[in-house]
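Please consult the sequence and structure shown here.

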Amino acid sequence: MLCVDTHCHVQMKQFDNDRSEVLARAREHLQWLVVVGDDLEGSRAACMLTGDRVYAAVGYHPYNATQWREHGDERLRELAERPTVVAIGEIGLDYFNEYAPRAVQKPGFEQQLVLAAELQLPAVIHCREAEEDTIAILRAHAPYPQPCVMHCFGGDASFAAQCSELGCYISFAGNVTYPKAEKLREAARVVPTDRLLVETDAPYLAPQCRRGKRCEPADARHTLSFLAELKDMDQDELGLQIIMNAEAAFNISLQIS
Ligand SMILES: [Zn+2]
Ligand SMILES: [Zn+2]
């Protein structure tokens, strides 16, 4: 099966006991994966896992926007300049869990967007219940040298259309497979196939067939099959399209055999 995981957190403690097995299963089932940081330590740990079809993204999650403000950050730039780092992320706005005040989240998001543009890297964006401000900030900073990735898409079809118009890629995680997630499925139906990505956000959001278990990158293939059915496409045809999208998004070029 042709599949990638464009967003997972294998550096997190949930994988401390069996990380190498998890990565071995990922390499068996996936062409490649991106391990995503959420603060400086997490970003460093993500970088440590790169090599052999594993890439990293580095950034401060909106949860950690206060740390970004305090460190704000030559050290992140140094990490971002490594050749196996393919994106700045995850960055963005989270008004559902407002762990940092909005007035701190917004400049953290904007400054890291500017860093991504400077380094000609895509930004991986986390947006939860903050659609309006996210779009406003993305519009204010457009155009981008590399299109942004809306990760673990959680909005509706109209937000998906606005993101596609801005040239963003839209990435669906396992929650699109949940019985109650009709709004996400409506969004997935309208996203043009050449803008679509798939991810796990592991250890979170295991797809329905593995729900309640710890999610791992190899589970991306279940979400891919689900999306193929939703879009009435052959699984490998959609898988190949998503790999091409993901390689364009993250500037990765691999020979697919
Ligand atoms: Zn996220
Ligand atoms: Zn994430």
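## Basis

The model is predicted; local features need pLDDT of at least 70, side-chain atom pairs count only at pLDDT 80 or more, and totals for chains, interfaces and linings use all residues. Residues are numbered from 1 along each chain as its sequence is written, while chains are lettered from A and ligands numbered from 1 in the order in which they are written.

## Helix α1

Helix α1 spans residues 19-29 and has Val 22, Leu 23 and Ala 26 as its buried residues (buried: 20 or more other C-beta atoms within 10 Å of the residue's own; exposed: 12 or fewer; partly exposed in between; C-beta atoms placed from the backbone). Viewed down the axis of α1, these buried residues fall within an arc of 95°, so they line one face of the helix.

Ser 20, Glu 21, Ala 24 and Glu 28 are exposed on the other side of α1. The buried residues pack against β1 (5-8), β2 (33-36) and β3 (54-58).

## Helix α8

In α8 (residues 182-190), Leu 184, Ala 187 and Ala 188 are buried. They line one face of the helix, because their arc, seen down the axis of α8, is within 100°. The cover over these buried residues includes α7 (157-165), β7 (169-172) and α9.

## Helices α9 and α10

Helices α9 (residues 220-230) and α10 (residues 235-250) pack at about 110°, with axes 9 Å apart. The two are therefore roughly perpendicular (a term for angles of 65 to 115 degrees; under 35 counts as roughly parallel, over 145 as roughly antiparallel and the rest as oblique).

The contact (C-beta atoms, placed from the backbone, within 7 Å) involves Leu 224, Ser 225, Leu 227 and Ala 228 of α9 with Gln 235, Leu 238, Gly 239 and Ile 242 of α10.

Definitions and conventions:
Axes are lines fitted to C-alpha atoms, for helices over the stretch in contact, and angles run from 0 to 180 degrees between N-to-C directions. Helices (H or I, at least four residues) and strands (E, at least two) are DSSP runs, numbered from the N terminus. Two residues are in contact if their C-beta atoms, placed from the backbone, lie within 7 Å. The arc is that of the directions from the helix axis to the C-beta atoms.
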